[in-house]
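Subject: Structure handover

Hi,

Here is the structure I promised to pass on. Please load it first; my notes follow below.

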Amino acid sequence: MSSPTGPANGLPVRMPRPRQTGRHRRPEPAAAPEGAPALVLAVPGAPSASSRGLAEEIISIGRSELPGLDARIGFIEGDDASEFPSLSGALTAVVSERAARAEFARAAGHEVAAPTGPDAVVVPLLAGPDADLLRRVRQALMESSANVELADVLGPHPLLAEGLHVRLSEAGLARADRARLFTVTTAADGIVLATTGGEEAVQAAGITGMLLAARLAVPVKAAALDEEGSVAAVAEQLRREGSTQLALAPYLIGPEATEGLLDTACKEAGCAAADVLGAYSALGKLAVAQYSAALGITQGAAAH
């Protein structure tokens, strides 16, 4: 069983990279200041061991980007009586632990300044805006006793377009590198970028879709997985415009999609699909970037 702050026993832990030497060494990432607010990753969907493992991997990457980061996991549909802490429960734990540390310091004779700023920054584990899920996140924030800052979702962002490209190439549906001369016979000449969360989410996905289209040099159109007929209609539009071999690219991290939704969409569109973004390494960077932006911190490592 894992804790809200780290991976379960046996899971790999991403450690900070060793310091490079020489004139071309990379700048060291800034460390989180002592007493900085916790980053609480709000995980959507039905809690499971797989979604917990995915969130732990993203947090591990985040800690390597911002050493000293206090990062936690809170499940939007969690249950504090189980191994999957709710978002409000995770926030309440942050407040309790901060109060306990302050009390311990006072008992040791140290002067403790009055707390300023938020106790935590909640980062939704979402590639794009999902009105229903974000409403539930805000409800959890109101239910907790914490002073909380809510960060933006992770996209749209060029790193998400990169992740979509990687997943398509892993599935044999796109070239890994446009500069290479070999031909991928199964490469798609039109991409349906499928997301959940309504019209606002589709519009946001379209921005990342334009970045993906520039990488692949093929048309990319966004569609709503949770709107009946949307994926099929977009697939038909791509075919009318000349695409003959389509692929579906899920603009999803994974936990937010209900089981069977992608399979149904693929059947409706008559095409193969890449995998969801999952624990793609850039997601940890983006989570730290949104945390830093919410606090007004310049965090160079997460911005690239």
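Which elements do the buried residues of α6 pack against? They pack against β5 (190-195), β6 (220-224), β7 (246-250) and α7 (261-269). Bear in mind that this is a predicted model.

The chain as a whole

The chain holds 9 helices and 8 strands. Of its 304 residues, 47% are buried. Take the contacts in the chain with a separation of 6 or more: 76% of them join residues 24 or more positions apart.

Helix α6

This helix covers residues 230-240. Its buried residues are Ser230, Val231, Val234, Ala235 and Leu238. They lie on the same side of α6, because the arc they cover around the axis is only 130°. After the helix comes Gly242. The phi of Gly242 is positive, near 115°.

Helices α4 and α5

How do α4 and α5 pack, and at what angle? Helix α4 spans residues 158-170 and helix α5 spans residues 199-216. The angle between them is about 55°, and their axes are 8 Å apart. So α4 is oblique to α5. The crossing is right-handed. On the α4 side, the contact is made by Pro158, Leu160, Ala161, Glu162, Leu164, His165 and Leu168. On the α5 side, Thr208, Leu211, Leu212, Arg215 and Leu216 take part. By class, this contact has 8 nonpolar, 2 polar and 2 charged residues.

Two loop residues

Thr196 sits in the loop between β5 and α5. Is Thr196 buried or exposed? It counts as buried because its relative accessible area is 9%, under the 20% cut-off. Neighbours within four places in sequence aside, Thr196 contacts Pro129, Asp130, Ala201, Leu225, Asp226, Leu252, Glu256 and Leu261.

Val218 is in the loop between α5 and β6. Its relative accessible area is 16%, so Val218 is buried. Which residues does Val218 touch, not counting those up to four places away in sequence? The list is Ala188, Asp189, Gly190, Ile191 and Ala213. One distance to check in your viewer: the C-alpha atoms of Val218 and Ala174 are separated by 9.8 Å. Along the chain, these two residues are 44 residues apart.

Best wishes

How values were computed:
Residues numbered from 1 in each chain as written. Predicted model: local features only at pLDDT ≥ 70, side-chain atom pairs only at ≥ 80, totals over all residues. Heavy atoms only, no water. Axes fitted to C-alpha atoms, helices over the stretch in contact; angles between N-to-C directions. Helix = DSSP H or I, 4+ residues; strand = E, 2+ residues; numbered from the N terminus. Parallel < 35°, antiparallel > 145°, perpendicular 65-115°, else oblique. Left-handed = near helix turned anticlockwise from the far one by under 90°. Contact = heavy atoms within 4.5 Å. Nonpolar A, V, L, I, M, F, W, Y, C, P; charged D, E, K, R; others polar. Buried < 20%, exposed > 50% of the residue type's maximum accessible area, 1.4 Å probe, protein only. Arc of directions from axis to C-beta.
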